[in-house]
Amino acid sequence: MHLYGTQSVNEKGHLVIGGVDSIELVNTYQTPLIVYDIELFRKRARAFKETFQAEGIQAEVAYASKAFSSIAIYEVAKEEGLSLDVVSGGELYTAVQAGFPRERIHFHGNNKSFEELTYAFSEEIGCIVIDNFLEIDLIQQIAYERKQEMNVLIRVTPGVEASTHDYITTGQEDSKFGFDLKNGQTDDAFYQLHNDPYVKVLGMHCHIGSQIFETTAFRYAAEALMEKMIAWREQYDFICPVLNLGGGFGIRYTEEDTPLAPEKYVEEMARVVLSMTREYQYPMPEIWIEPGRSLVGDAGTTLYKVGSMKEVPNTRTYVAVDGGMSDNIRPALYDAEYTAVTANKMTEPQHTIVTLAGKCCESGDKLIEQASIAEPEQGDIIATFCTGAYSYSMASNYNRLPRPAVVFVENGDHQLAIRRETYEDLTRLDVPFQTVKRGDRV
Ligand code: LLP
């Protein structure tokens, strides 16, 4: 059994997170419940920041908050001196509600609307990551109308695409995001922007994939962007002050996953940038990164209560819990794998293999095909690990299940970060049907 961060087992045989008994949390907040180990989040954030400091590199570590967005996590990110990557007006609004320092907010997205961009200007955020030609027009229009400056990065697809263990390099990339680095689009974008009196190009951005375990693809990407920066110096006498290499650093969901320490990715990318700047006598840019999963993923644990069970003779036993694809769509959507334990029976053998099923009306609503837990009984509390990234943020109300509560634990304390949805919440947007006679409707 692999425990994460501050997790331990107490004398009652209960799983403890952040110094708090998980069963006590269940008694206080009910289930399903997502618990964040805030000490682990801070540790991950500091590891990234300290690696840059150790290398003497100016950097910004921006939390890619699509992984888990809430006012409380933005407040912790602010405390840790992180920057923030938001991808919608909604995430930006949440950051504003959290009082997040505007100059450290970066706005992403492949189809930002005029209204969203105007909102970003009115909040005077730190930078917009420009994704496409329409956005260039919109940003220039807004900047001229408001007579307001805005920093931008140009998002490019560098022809390197990475998944967990592999990567491919392609001349041209089939992606909905960003400007192609190799077919001239990136140069055209830069040309349209670089003499703009209001729009200030800070540099380039790329993001090559997610849950990546190897560093070659990151090195290739850094190299490709540096080459373009060097070319722009020749052509336009322009120096990029910032190089943003995105996120995507992998984490350990199961024992098959063998990620590198987060620092390792940073070191490898930094090495490429340092050596190329030396070789070409290019001023060292700031390096920005955008980890999402690797900051919050293993800090999250979901607690469920066991309900019904069904044995399919000679096949499997289904153990159903009181949540499922509505609070974690990743197994159904990506065949993502997780591990689980019986949180109230941590000192008992956890060798019973069952299929952990959700309660949604969908056969594919299985959280773990082969979970190894204690001999199951109704009322047991199951903890699924590593659910901090892309679970709550992708949660839905399918079957009108209320979304779970989220709590933060740290140093023996617990606090609510997102309250559980109520039935009233579920109907708050509904408008009752109004019977009208034909022709009455205007
Ligand atoms: N920066 C950009 C521009 C991104 O698009 C993403 C993720 C990140 C940073 C953060 O990547 P991370 O460090 O979290 O891997 N829903 C999927 C993941 C989608 C990732 C989208 N972009 C999942 O559940 O695996």
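Reader: What makes the sulfur of Cys360 too far from the closest cysteine sulfur for a bond?

Author: In this predicted model, the closest cysteine sulfur to that of Cys360 belongs to Cys361, 7.3 Å away. A disulfide needs two cysteine sulfur atoms within 2.5 Å, so the separation of 7.3 Å is too far for a bond. Cys361 is likewise in no disulfide, its nearest cysteine sulfur being that of Cys360. A search of the whole structure finds zero disulfides.

Reader: Why is Cys360 called buried?

Author: The relative accessible area of Cys360 is 8%. Buried means under 20%, so Cys360 is buried.

Reader: And is Cys361 buried or exposed?

Author: Cys361 has a relative accessible area of 60%. The cut-off for exposed is over 50%, therefore Cys361 counts as exposed.

Reader: Why is helix 4 called roughly parallel to helix 5?

Author: Helix 4, residues 89–97, packs against helix 5, residues 114–122, at an angle of about 25°, and their axes are 10 Å apart. Angles under 35 degrees count as roughly parallel, so helix 4 is roughly parallel to helix 5. The crossing of the two helices is left-handed.

Reader: Which residues make the contact?

Author: Helix 4 contributes Gly89, Leu92, Tyr93 and Val96, while helix 5 contributes Glu116, Tyr119 and Ala120.

Reader: How many residues of each class does the contact of helix 4 with helix 5 have?

Author: The contact has five nonpolar residues, one polar and one charged. Tyr counts as nonpolar, Gly as polar and Glu as charged.

Definitions and conventions:
Residues numbered from 1 in each chain as written. Predicted model: local features only at pLDDT ≥ 70, side-chain atom pairs only at ≥ 80, totals over all residues. Heavy atoms only, no water. Axes fitted to C-alpha atoms, helices over the stretch in contact; angles between N-to-C directions. Helix = DSSP H or I, 4+ residues; strand = E, 2+ residues; numbered from the N terminus. Parallel < 35°, antiparallel > 145°, perpendicular 65-115°, else oblique. Left-handed = near helix turned anticlockwise from the far one by under 90°. Contact = heavy atoms within 4.5 Å. Buried < 20%, exposed > 50% of the residue type's maximum accessible area, 1.4 Å probe, protein only.
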